[in-house]
Amino acid sequence: MQEFVARENTTQLPTIHVISDSVGVTGQAVARAAAAQFGVTNPSIEVLPKADDFEEIRTFLETHSALHRDRLGDGRVLVFYTLVNEHLRRQLADYAAMHDEVVAVDLMTGAVEAIAQMSGRAPLAQPGGLHVADQHYFRRIEALEFTIAHDDGRNPQDLERADMVLLGVSRSSKTPLSIYLSQQGYKVANVPLDLHTDPPRQVHDVDRTRLFGLMTTPEVLVGIRQRRLGNASVVAASYADPEYVYQDLEQARALMRKLGCIVVHTENRAVEETAQEILRYYERAHPPSADMMG
């Protein structure tokens, strides 16, 4: 029996047992997200991966039930399972229904059935489909590598190769947005703007539909910069000075107008929200291909 044993539970939450016919990544992610709702960010998790035989599953459950009974005086077992094999899934559901000590949650069936109903398509029933190292996986890796190599104005000679170029003053969310977008498969470069440095000349050659200016308000930016400086605020006071910040933003705004780039506001918005706005503009000009949608 293959098994990964997490560290002993000291969180007062029950150990979560994940059973999967793949590697169990999805089940573990849901387990951590659920535990976080109780203030626990590192719950005790035990995983049975690559499950392909119900006797193996039964042994796993009975072993852990006995362990809990011996250690805690309570033989109940909490199970999150992600089984695409319908036969195994039904066997586990039937077993849980007949054994009060097993509290089992099926994480996949409802979601898969809902998609099948709405799309009219049949699911593949293929374990580990999320993690297949196909062309889409490699595209995202390539995009991330490009984005890291072109963060904060590095390698400006490659700006025309980027899917998107983000412009903005310091602390306007350029890097978080770049990384987030790269994880969707887009090659992103970002260029810092400030009062004392001209942007690279190559930025003028970038297709305007690929050029995005990040803008915020002086009040929000002053607060962010003050928090960023912390105890160093006396040494670099001008960086967070309201007048300096206002001039920084005005100069950036003037350049964005000159370049004709799309201006997107980032103040008081999550990275995901801003990224979705950028993608709406981008995909209007560059409809996603079948490859990108995959």
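Is Arg253 buried, partly exposed or exposed? Select Arg253 to find out: at 26% relative accessibility, this residue counts as partly exposed, a class that lies between buried (under 20% relative accessible area) and exposed (over 50%), as computed with a 1.4 Å probe on protein chains only.

Before going further, note that this is a predicted model, in which local features need pLDDT of at least 70 and side-chain atom pairs count only at pLDDT 80 or more, while totals for chains, interfaces and linings use all residues. Residues are numbered from 1 along each chain as its sequence is written, and side-chain values use heavy atoms, with hydrogens and water left out.

**Stop 1: Arg253 and Glu250**

Side chains of opposite charge can pair when their charged atoms come close. Both residues belong to helix 8 (residues 242-259), and because they are three residues apart there, about one helical turn separates them. Helices (H or I, at least four residues) and strands (E, at least two) are DSSP runs, numbered from the N terminus.

**Stop 2: Arg58 and Glu55**

Next, select helix 2 (residues 54-72) and, within this helix, Arg58 and Glu55, which are three residues apart and so separated by about one helical turn. Their side chains meet in a salt bridge of 3.3 Å, taken from N to O. Arg58 is partly exposed at a relative accessible area of 27%, and Glu55 is also partly exposed, at 44%.

**Stop 3: Arg161 and Asp158**

Now move to Arg161, which forms a salt bridge with Asp158, with 3.6 Å between the closest N and O atoms. Asp158 has 15% relative accessibility and therefore counts as buried. The structure holds nine salt bridges, including this one.

**Stop 4: two loop residues**

Select Lys50 in the loop between strand 3 (45-48) and helix 2. Although Lys50 is not a glycine, its phi is positive, at about 55°, and its relative accessibility of 44% makes it partly exposed. Finally, go to Arg171, in the loop between strand 6 (164-169) and helix 6 (174-182). Arg171, again a residue other than glycine, has a positive phi near 70°, and with a relative accessible area of 34% Arg171 is partly exposed.

Definitions and conventions. A salt bridge is a side-chain nitrogen of Lys or Arg within 4 Å of a carboxyl oxygen of Asp or Glu.
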